[in-house]
Amino acid sequence: MADTIFGKITRGEIPTEFLYQDEHCIVIRDIQPQAPTHVLIIPRKPIPRLVDSLPEDQTLLGHLLLVAGKVADQLGVGDAFRLVINNGEGGGQTVFHLHLHILAGRDMAECQLVSDLN
Ligand code: 5GP
């Protein structure tokens, strides 16, 4: 697959503050936040889209969800956040290296769709 900006960030080639990191993933702030809290959970493994993940990625995918909950708690939004994965161009994906968005800090219950946040 083609390298992406997130590949460079996960490998440390572009200096970026990691809010959290472990051997499987990193967490960074979104450069164009759509909510007061908007962070990205990015696996180090460069899976292009969610649909490209394989059965062998099952543990990794579960890990990303656990990290999302832990990081949301640490950021003080554990009781009210939205977790989003955009898949494919038609799904709004712009960086083709799998990532999860944590969005919080505004009334998420009012937004039926992620596009309502834009
Ligand atoms: P997608 O649209 O693919 O689901 O989400 C990509 C996200 O990555 C967007 O919200 C965009 O603002 C963010 N983004 C793109 N380039 C960079 C970057 O270089 N640094 C950071 N921190 N976020 C980025």
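1. Basis. In this predicted model, local features need pLDDT of at least 70 and side-chain atom pairs count only at pLDDT 80 or more, while totals for chains, interfaces and linings use all residues. Residues are numbered from 1 along each chain as its sequence is written, and side-chain values use heavy atoms, with hydrogens and water left out.

2. Ligand shell. The ligand has 16 residues around it, and Arg29, Asp30, Asn86, Thr94 and His101 come nearest (a residue is near a molecule if one of its heavy atoms lies within 4 Å of it). By type, the shell divides into seven nonpolar, seven polar and two charged residues. Here Ala, Val, Leu, Ile, Met, Phe, Trp, Tyr, Cys and Pro count as nonpolar, Asp, Glu, Lys and Arg as charged, and the others, Gly among them, as polar.

3. Elements at the ligand. Helix H1 (5–10) and strand S2 (25–29) each supply at least two residues of the shell. The largest share, three residues, comes from H1. Helices (H or I, at least four residues) and strands (E, at least two) are DSSP runs, numbered from the N terminus.

4. A ligand oxygen atom lies 2.7 Å from a polar backbone atom of Thr94, and one lies 3.0 Å from a polar backbone atom of Gly92. The protein covers 83% of the 520 Å² of accessible area that the ligand has on its own (Shrake-Rupley method, 1.4 Å probe; for residues, only the protein chains shown count as cover).

5. Nonpolar cores. A nonpolar core is a set of buried Ala, Val, Leu, Ile, Met, Phe, Trp, Tyr and Cys residues joined through side-chain atoms within 4.5 Å. Buried means under 20% relative accessible area, exposed over 50%, and partly exposed in between (1.4 Å probe, protein chains only). The largest core has 17 residues, and Val27, Ile41, Leu64, Val67, Val71 and Ile102 have the most contacts inside it. S2, strand S3 (37–43), H2 and strand S5 (100–104) each give two or more residues to this core, and H2 gives the most, six. A second, separate core of seven residues includes Phe6, Ile9, Leu40 and Val95.

6. Ile41 and Leu65. Beyond four places in sequence, Ile41 touches residues including Val27, Leu64, Val67, Leu83 and Ile102 (contact means heavy atoms within 4.5 Å). Leu65, in helix H2 (residues 58–74), touches Leu83 and Leu100, again not counting residues up to four places away.

7. Ser53. This residue sits in the loop between S3 and H2. Ser53 counts as buried because its relative accessible area is 19%. Its side chain reaches the backbone oxygen of Leu50 at 2.5 Å. Leaving aside neighbours within four places in sequence, Ser53 is in contact with Ile47 and Leu61.

8. Ile14. The loop between H1 and strand S1 (20–21) holds Ile14. At 28% relative accessible area, Ile14 is partly exposed. Ile5, Lys8 and Ile9 are its contacts once neighbours within four places in sequence are set aside.

Technical notes: A polar contact is a pair of N or O atoms within 3.5 Å; within protein, one must be able to donate a hydrogen and the other to accept it, and residues adjacent in sequence count only if both atoms are side-chain atoms.
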